[in-house]
Number of protein chains: 2
Amino acid sequence: MSDVTQAPKQRSPIPPDTILIGKKPIMAYATAIMMHLQSGSQQLTVKARGRAISTAVDVVEVTRRRFFGGKLTVKEISIGTEVIGEGADVRNVSTIEIHLQKNQ
Amino acid sequence: MSDVTQAPKQRSPIPPDTILIGKKPIMAYATAIMMHLQSGSQQLTVKARGRAISTAVDVVEVTRRRFFGGKLTVKEISIGTEVIGEGADVRNVSTIEIHLQKNQ
């Protein structure tokens, strides 16, 4: 038996109160945010990597302006770098985390 | 004479201590940031719109990690929406501003 097994996907588990932005249409994520905040939660973190960072900002701006009319506040934004891939395929990818707070 | 003249480009003037990210390679902007901060200025704002938002985050992360080794701090990040274009071509575009501070 080889000890080189199929590499597990190196994704950290998505914590609760977090939405990870990918390649779906903006409205899919906007809907997910609204449903999350209508289910009783007061806060939410929108995360994205690489090219999806622009989409994450679009999602937050559309949700805030069109669906919450300013009753959703950006509390904090942080950026960073993650190392993804393995072996020869290792590369850095930029990340963003946008922390949202529903106004009372 | 028509009163519909060539619309002036609706770009607000770029303030000092600001770099606007577009479609150049990341290293072009990283170099611009380094030159700016080596010329005596202690702070700098990196701005971008639309798809260039992801590039702006890449530029900041590469500059911070590769060229400043942590001696460049992200002080604040803000996102917003700008209305661009005129007439039938009006549309919203997301924006980001990343405020950088050189450590003493």
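In which segment of chain A is the place of A:D17? In this predicted model, A:D17 is placed in the segment before β1 (18-20) of chain A, and its phi is near 60°, a positive value in a residue other than glycine. A:D17 counts as partly exposed, because its relative accessibility is 29%. In chain B, B:D17 lies in the segment before β1 (18-20) of that chain and has a positive phi of about 60°, although B:D17 is not a glycine. With a relative accessibility of 30%, B:D17 is therefore also assigned to the partly exposed class.

Turning to the interface, 22 residues of chain B are in contact with 22 residues of chain A. The area buried between the two chains amounts to about 1700 Å², with carbon and sulfur atoms giving 52% of it. Of the area that chain B buries against chain A, 33% is supplied by B:R51, B:I77 and B:I79, more than by any other three residues.

Two salt bridges are counted between chain B and chain A, including that of B:R51 with A:D58, in which the closest N and O atoms are 3.1 Å apart. The polar contacts between the chains comprise 13 residue pairs, both residues being at pLDDT 80 or more. On the side of chain B that touches chain A, the elements giving two or more residues are α2 (52-67), β3 (72-84) and β4 (91-102) of chain B, and the largest share, nine residues, comes from α2(B). By class, this side of chain B has eight nonpolar, nine polar and five charged residues.

Definitions and conventions: Residues are numbered from 1 along each chain as its sequence is written. Chains are lettered from A and ligands numbered from 1 in the order in which they are written. This is a predicted model: local features need pLDDT of at least 70, side-chain atom pairs count only at pLDDT 80 or more; totals for chains, interfaces and linings use all residues. Side-chain values use heavy atoms; hydrogens and water are left out. Contact means heavy atoms within 4.5 Å. Buried area is the accessible area (1.4 Å probe) that two parts lose on being put together, summed over both. A salt bridge is a side-chain nitrogen of Lys or Arg within 4 Å of a carboxyl oxygen of Asp or Glu. A polar contact is a pair of N or O atoms within 3.5 Å; within protein, one must be able to donate a hydrogen and the other to accept it, and residues adjacent in sequence count only if both atoms are side-chain atoms. Helices (H or I, at least four residues) and strands (E, at least two) are DSSP runs, numbered from the N terminus. Ala, Val, Leu, Ile, Met, Phe, Trp, Tyr, Cys and Pro count as nonpolar, Asp, Glu, Lys and Arg as charged, and the others, Gly among them, as polar. Buried means under 20% relative accessible area, exposed over 50%, partly exposed in between (1.4 Å probe, protein chains only).
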